[in-house]
Amino acid sequence: MAVIETAEKMLPAGLRPIGGRTLRMLAAVLTERGERAAAQRMALTAFSIRILSAALAFVSQIVLARLMGEYEYGIFVFVWVLVVVFGDLSCLGFHTAIVRFLPQYRAAGAFEEIRGLTGTARIFALLSGTAVLAAGMLGLHFFGDMIQVYYLVPIFIGLLAMPMIALGDILEGTSRANHWPVMALSPVYIVRPILIILFMLIAIAVGAEHTAVTAMQAALVATFVTALGQYAATLYRLRRHYDDGPRKVDFLAWFSVAFPIFLIEGVSFLLTNSDVVVVGIFLEPHDVAIYFAAAKTMALVHFINFSVKAASGPRFSSIIAEGDHAQLAAAAIDAARWTFWPALGVGLVVLAAGHLLLSLFGGAFTSGYLVMAILLAGILAKSLVGPAETLLMMAGKQNLCVALYAGALTANVGLNLALIPHYGIEGTAIATASAMAVEAILLHVAVRRTLDIVLFAFASPSAATPEMRVR
């Protein structure tokens with residue numbers, strides 16, 4: 001309190017009322033106990049990490065674009081997006097199933113199940129990632145002549161990273177379930193981008209060419225180093241918290257939840273990244289580079305939803321286990337507010353500085369400014385319902401989410417195919433923003449009808465009816 005009072009006195013007189021309230025709110029988040037405060041602290045930590053990671057990712061993409069030029073940079077980002085998408089999908093939902101089950105096991109003191117769940121998930125990720133690697137190699141062998149020649153070698157290199165990307169996702173889910181946000185987010189979103197740039201610069205210093213192939217080699221090495229280091233750190237911390245001992249494995253029960261989650265998140269992930277993929281398929285690497293630079297710049301807003309989602313999953317799971325509908329409604333609407341207002345503020349700031357930010361990639365990239373404005377509209381529409389998909393998944397509504405996301409993805413792909421031939425990358429942005437709006441509407445309706453919660457950033461928890469229907 002002494003620190004807060006001192007800080008208030010340092011503020012200008014006109015800012016003291018709102019500044020004081022903000023400081024006291026922050027102090028309460030940092031010091032209070034309970035599930036709500038823990039979720040807020042995790043969201044704040046995740047938010048801080050994502051701010052740093054967004055800045056690092058932005059700087060790293062600028063460096064890569066400057067090093068390679070538009071054409072080679074476009075090849076790299078298209079292939080790297082494909083690698084990350086299929087690497088994440090190869091987990092088959094286990095990384096989120098951990099977030100669903102581990103808090104419940106911990107509350108029940110079921111440490112045998114925790115050890116079995118985390119160990120089984122790691123093994124499964126390595127096996128499934130290797131399977132995707134093998135399938136990709138077979139695809140290159142039999143259908144390589146159907147792929148543009150400049151994509152072949154980068155795709156081959158990227159496939160080698162599949163097992164490590166899958167393992168990293170499982171380790172992230174394990175840390176999220178244990179409320180370890182720094183360990184969950186920093187390896188992939190801070191360490192790996194730094195290592196990619198570092199290894200790229202080292203390769204160029206020893207005589208490597210400024211090409212997408214060199215960048216993919218740097219990304220491959222960075223992925224292995226990051227995943228193996230994250231594995232060692234996570235395993236050490238798990239043993240400290242749960243000790244060594246017998247394991248209880250209930251693979252079919254876990255997989256029965258993980259696979260529907262895979263369908264949900266798979267469609268959602270495809271929905272998030274389909275724009276870059278479609279641009280890469282139908283347009284030249286130059287267009288891919290400009291679109292990706294605009295989308296990456298606007299991703300400075302996207303990370304807010306990710307941060308709130310990372311904190312909300314364990315909280316939703318714990319409240320649902322208690323069966324407290326009023327608390328769940330309050331938590332869900334809190335999460336929507338935590339998503340929308342920061343997204344609005346950050347989005348307007350990013351858009352105001354859009355031309356300057358795009359020019360950092362190179363002079364030609366400023367043509368992507370309109371793409372930024374269109375994408376912001378879609379992001380704000382989605383942020384109005386916050387992490388609604390996480391709420392539905394934690395409440396056991398995985399199958400419903402699959403149908404909703406399939407509808408949004410179908411709309412996205414259909415709009416892309418219709419608009420790209422006429423409007424190019426601006427058409428892709430319109431299709432993506434429209435799909436986000438469709439997704440938000442479908443999620444709002446689904447939460448209202450299945451959980452009796454009016455999930456909206458401007459709603460009140462009292463709008464929920466007294467009974468929660470969770471099956």
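## Exercises on a predicted model

A search of the whole structure finds 2 salt bridges, a salt bridge being a side-chain nitrogen of Lys or Arg within 4 Å of a carboxyl oxygen of Asp or Glu. The structure is a predicted model, in which local features need pLDDT of at least 70 and side-chain atom pairs count only at pLDDT 80 or more, while totals for chains, interfaces and linings use all residues. Residues are numbered from 1 along each chain as its sequence is written, and side-chain values use heavy atoms, with hydrogens and water left out.

**Exercise 1.** Describe the salt bridge between Glu 113 and Lys 248, and say where its partners lie.

*Solution.* Begin with the distance: the side chains of Glu 113 and Lys 248 meet at 3.6 Å, taken from N to O. Then place the partners, since helices here are DSSP runs of H or I with at least four residues, and strands are runs of E with at least two, numbered from the N terminus. Glu 113 lies in helix H5, whereas Lys 248 lies in the loop between helix H9 (212-242) and helix H10 (251-282), so that the pair, 135 residues apart, links distant parts of the chain. Finally, consider accessibility, where buried means under 20% relative accessible area, exposed over 50%, and partly exposed in between (1.4 Å probe, protein chains only). Glu 113 is buried because its relative accessible area is 17%, and Lys 248 is partly exposed because its value is 44%.

**Exercise 2.** Find the partner of Glu 389 in a salt bridge, and decide whether the two residues are buried or exposed.

*Solution.* Glu 389 pairs with Lys 382, and their closest N and O atoms are 3.3 Å apart. Both Glu 389 and Lys 382 are buried.

**Exercise 3.** Work out why Thr 214 counts as buried, and list what it touches.

*Solution.* Locate Thr 214 first, in helix H9. Thr 214 counts as buried because its relative accessibility is 5%. If residues up to four places away in sequence are not counted, Thr 214 touches Met 200, Ala 203, Ala 208 and Glu 209, where contact means heavy atoms within 4.5 Å.

**Exercise 4.** Summarise the protein as a whole, using its helices and strands and its buried residues.

*Solution.* Count the elements first: the protein has 16 helices and 0 strands. Lastly, look at the contacts with a separation of 6 or more, of which 80% are between residues 24 or more positions apart.
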